[in-house]
Structures are given as structure tokens and as C-alpha cells.
Amino acid sequence: MTLLDVSIVNVALPSIESSLGAGPAQVQWIVAGYALAFGLVLVPAGRFGDLLSRRAVFLAGLAGFVLTSAAAGLVQSATALAVVRLLQGVTAGLVNPQVLALIQQLFTGAERGRAFAAFGTTVGLSTAVGPLLGGVILAVFGEEEGWRGVFLVNVPLGLVLLPLAWRWLPRQGSGGRRARPGFDVVGLVLLASAVLLVMLPFVLTTGEGGSAARWWLLAPGALLLGLFALWERREDRRGHQPVVAADLVRTASFTRGALVGVSYFAGFTGIFLVVTLYLQSGLGFTPLQAGLVQTPFALASAVLAQVGGRQVAERGRRVVVLGLVVVAAGLSAADVVAAAVQGTAGAIALAACLAVTGAGSGLVISPNQTLTLAEVPRSVAGTAGGVLQTGQRIGSAMGVAAVTAVFFSALAGQGLSGAAGARSGEVPAEVQAAFGEALSTGLRVSIGLVVAALVFALLDLRRREGSVRPRSHGG
């Protein structure tokens with residue numbers, strides 16, 4: 001539910017605009033506020049779970065998510081919806097790090113790989129199926145008020161999950177909990193401020209204008225990250241409990257895997273927004289039809305995540321490398337198709353390319369999670385999950401900003417905007433071709449980011465194989 005709400009709202013934006021009279025700034029915050037608050041809370045929430053109780057933080061976050069989802073579906077103004085979306089993002093950020101930490105706590109060996117495969121399936125499905133589910137809800141409840149169902153659908157699901165989580169999640173603490181928990185308040189403030197300043201320019205980027213001054217926020221953000229690192233080192237030397245424990249920083253496999261994750265999420269997350277814009281505004285598809293085109297990605301990702309989860313224990317980083325190669329191949333094929341074929345035939349061919357991309361994605365996300373967290377001490381598993389997912393959220397924001405900026409720039413170069421085509425119905429052939437060329441250009445940014453992830457994965461593979469290769473006794 002928490003990951004689905006990152007993307008499901010995109011197809012409902014026209015419905016929100018017409019129903020609540022939302023302006024561009026309000027729409028931007030309805031989308032960006034959730035992602036921003038989500039990313040901001042992940043690391044502190046992981047630390048709270050490590051030091052207090054992962055079960056308690058999970059339950060609190062889930063209960064809050066149900067309440068804020070209900071509030072989002074019942075609001076009567078665009079401003080109220082933007083505020084509720086911020087609060088909804090906070091509750092989502094409380095939940096997610098506990099999931100990875102509980103997997104670390106409860107499973108070992110091959111079982112852990114299968115657990116991460118289930119998690120990877122969830123990530124792949126929730127990321128890709130958002131447009132389809134949003135389209136179905138709008139088709140059932142109507143486009144005028146159907147957007148409310150996009151949020152309210154979380155309420156019955158959450159009410160089922162709360163008693164199950166209460167009963168099944170382990171009551172004991174983190175397993176590595178210290179007798180006298182403490183919180184590094186200064187470190188938390190420095191990190192939260194840095195993440196806010198780094199993410200804000202990206203999540204507020206629509207690709208269609210906006211003040212360039214927002215990019216200056218990256219400079220103080222980088223400075224605060226440096227101050228945070230110095231403060232954490234100081235806290236560790238003094239024997240205190242830093243936000244990001246030294247054990248985590250010293251785990252080389254974690255830092256290398258995190259780089260792969262950040263680059264990959266930057267590469268693959270942005271494709272869904274531009275593909276949705278291409279299908280709805282460029283080809284005149286309905287939200288439901290646009291979602292159906294993207295469904296093969298979700299299905300292939302779900303199936304291959306299970307395969308990757310089983311294979312990673314035996315084949316290690318090679319599984320991720322193979323997956324990244326397949327993703328790059330699928331996106332390259334989509335690049336060619338988008339520029340060459342339009343209409344229904346082009347959509348069918350694009351769906352096939354996305355199926356290949358999804359298959360590769362299934363071999364990337366969960367195996368990379370497994371390898372990245374394999375050597376992390378259980379006592380800091382929640383913090384590790386928060387750091388890893390914060391990096392992925394920042395990567396996603398950067399990728400969406402870059403891909404959409406290039407997409408809209410390509411359209412502007414042809415005298416069009418993102419809303420140039422009809423939302424449904426016939427679209428002139430020249431407009432379809434222009435949108436296809438813009439999609440092709442945007443996909444090349446995604447391909448470059450995926451290739452960067454592949455480079456990081458190959459470097460990690462080389463280090464891993466070098467560390468186990470027998471030393472030569474010759475000259």
C-alpha cells in the first residue's frame with residue numbers, strides 16, 4: 001500500500017483537478033509531498049525500530065496510514081489533500097524500514113533470500129501496477145469523484161492487516177537492542193534537514209518550467225550531509241549511539257549494494273510516468289488502457305523476483321548483473337519502438353518491451369536487497385533498511401525529474417506540451433509521433449542510469465570474486 005501510493009495518484013490527477021479545483025502548485029504538492037515526507041522519515045524510523053520495537057513502530061505506522069488514507073479520500077479542498085498527503089508520507093516512512101529489519105531478524109540463509117524475493121515481488125508489483133489499479137478505480141467510480149477511491153481502497157486493506165500484524169509480528173525487540181536506548185537528536189536533525197534539501201528540488205520538478213533557484217538547495221544539502229558525517233563520527237568516538245551506526249558504515253557490501261540500488265531506482269522509476277503521459281496524452285488511451293499496457297512489467301517482475309530470490313544464494317551478484325543487462329535491453333527495445341511505431345500496434349509492442357524490462361527488474365531488486373543487507377548486523381537492520389530505502393527514494397526522485405525534464409523538453413522542441421493530446425479519443429498522427437519521439441528521448445536517460453547501476457554491480461562482482469580467489473604463491 002505504501003509503495004503503491006507513490007504512483008497510483010498520477011492517473012487520478014485530472015480527476016482531482018476537476019473535482020477540487022486544484023491549481024498547479026497544489027497538484028505538485030499532492031504528488032511530491034507524499035514522496036518527500038516518505039523519504040524524510042525512513043532513517044529515523046528505522047533507528048526507532050532498532051532501539052525500541054520494530055513491531056510497535058510498524059503497527060503505529062500502519063494505523064496512521066489507514067487514518068490518513070481515509071482522511072485523503074474525504075477531504076473537501078486541494079490544500080487539505082496536500083497536507084494530508086504529507087502526513088500519509090510520514091506514516092508510510094514509519095512502516096517500510098521495519099519490513100526489511102524484520103526479514104533480517106526472522107530469516108537466515110536461503111529462507112532470507114525467499115523472504116526478500118517476496119519483498120521484491122511486492123516492490124515490483126506496487127511500483128508498476130499503480131496506473132492499472134488507479135485506472136480500474138476511476139473506471140468503476142467515475143472520473144469526477146473516483147479519485148477518492150484511490151485513497152479509500154487502503155482503509156479496508158489496512159483494517160484487515162492491523163489485527164494480523166498485531167497477532168503475527170514478534171513481540172520481542174530488535175534482538176540487538178541496548179539496555180539504555182538513546183537518540184542522537186542532533187544527528188537526526190542534521191540528516192533530516194540534508195535529505196529535505198537534497199530531495200526537494202527533484203520532487204518539485206515537473207519538467208515544465210519552475211524556478212531554477214530551487215537547485216541552489218543542493219549546496220546546503222550537501223554541506224549538511226558532510227556535517228552529519230562528521231557529527232556521527234564524533235558520536236561514535238565518544239561511545240554514544242549515532243543515527244547511522246559505525247557497524248553499518250564499515251560494511252562494504254552494504255555501501256556498494258546501496259549504490260546499485262540508488263542508480264537502478266533512478267533508472268526504472270521514471271519510465272512509468274513518461275509512459276503514462278505518452279499513452280494517455282500522446283495516444284489518447286484511457287487511464288485503464290494505459291495501466292493495462294504497463295501490466296506485463298508488473299507480472300514479469302513478480303515472477304522473476306521469485307526466481308532471483310532462489311538463485312541469489314548460489315549465484316550472488318551475477319544474478320543482479322544479468323537482471324540489469326536484461327533491463328537495459330528491454331528499455332533499448334522500447335526506445336526503438338516508441339520512435340518507430342505508434343497507435344495500438346505501438347502500444348502492444350511497448351507492452352512486450354516492458355515485459356522484458358520487468359523480467360530483468362525481478363532479478364535486480366530483491367537479489368540486490370539480499371546481498372546489500374546480508375552482512376549487516378541485526379542490531380542495526382532497521383537503520384540499514386531506512387538508509388537503503390532513503391537512497392532509493394532519492395534516486396527515484398532524481399530519475400523521475402531527469403526523465404520527465406528530457407521528455408517535456410523534447411515535446412517543447414516540437415511546439416507541444418505534456419497535455420497536448422486528448423486524454424481519450426483520436427489523436428493526430430503527427431502528435432502521436434512527437435510524443436513517441438519524446439518518450440524515446442526520455443527512455444535514453446533511464447537506460448544511462450541503468451547502465452550506471454550495471455557498472456556498480458560489475459565492480460562489486462569483481463571485488464567479491466577477488467576476495468575469494470586463491471592467492472598465487474608464484475612470483
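Reader: Let's start with E145: is its side chain buried, exposed or partly exposed?

Author: Begin with the cut-offs: buried means under 20% relative accessible area, exposed means over 50%, and partly exposed lies in between, with a 1.4 Å probe and protein chains only. E145 has a relative accessible area of 36%, so E145 is partly exposed. Please keep in mind that this is a predicted model, where local features need pLDDT of at least 70, side-chain atom pairs count only at pLDDT 80 or more, and totals for chains, interfaces and linings use all residues. Residues are numbered from 1 along each chain as its sequence is written, and side-chain values use heavy atoms, with hydrogens and water left out.

Reader: Which residue does E145 meet in a salt bridge?

Author: The general idea is that side chains of opposite charge can pair when their charged atoms come close. The rule here asks for a side-chain nitrogen of Lys or Arg within 4 Å of a carboxyl oxygen of Asp or Glu. E145 pairs with R148, at 2.6 Å from N to O. R148 is buried, because its relative accessible area is 13%.

Reader: How many salt bridges does that rule give?

Author: Six salt bridges. One of them joins R85 to D5, with the closest N and O atoms 3.7 Å apart. R85 lies in helix 5 (residues 78–106) and D5 in helix 1 (residues 4–7), so the pair ties together parts 80 residues apart in sequence. A helix here is a DSSP run of H or I with at least four residues, numbered from the N terminus. R85 counts as buried at 0% relative accessibility, and D5 is buried at 1%.

Reader: And what does R317 pair with?

Author: R317 forms a salt bridge with D460, their closest N and O atoms being 2.8 Å apart. This pair links distant parts of the chain, since R317 is in helix 15 (residues 317–340) and D460 in helix 19 (residues 429–468), 143 residues apart. R317 is buried at 2% relative accessible area, and D460 is buried at 0%. Salt bridges with shared partners join R256, R317 and D460 into one network.

Reader: Now the rings. How many aromatic pairs does a search of the whole structure find?

Author: The search finds 10 aromatic pairs. Rings of Phe, Tyr and Trp (its six-membered ring) pair if their centres lie within 6.5 Å; planes under 30 degrees apart count as stacked, over 60 as edge-to-face and the rest as tilted. Y264 and F268 have ring centres 4.9 Å apart and planes at 10 degrees, so they are stacked. F268 and F272 are edge-to-face, at 5.9 Å centre to centre and 85 degrees between the planes.

Reader: Why are Y264 and F268 separated by about one helical turn?

Author: An α-helix has 3.6 residues a turn, so residues three or four places apart point the same way. Y264 and F268 are four residues apart in helix 13 (residues 252–282), which means a separation of about one helical turn. F268 and F272 are also four residues apart in helix 13. F268 is buried at 1% relative accessibility, and F272 is buried at 6%. One aromatic cluster is formed by Y264, F265, F268, F272 and F297.

Reader: How many residues of helix 13 are buried?

Author: Helix 13 is mostly covered, with 26 of its 31 residues buried. Just after helix 13, G284 takes a positive phi of about 80 degrees.

Note on methods
Helix = DSSP H or I, 4+ residues; strand = E, 2+ residues; numbered from the N terminus.
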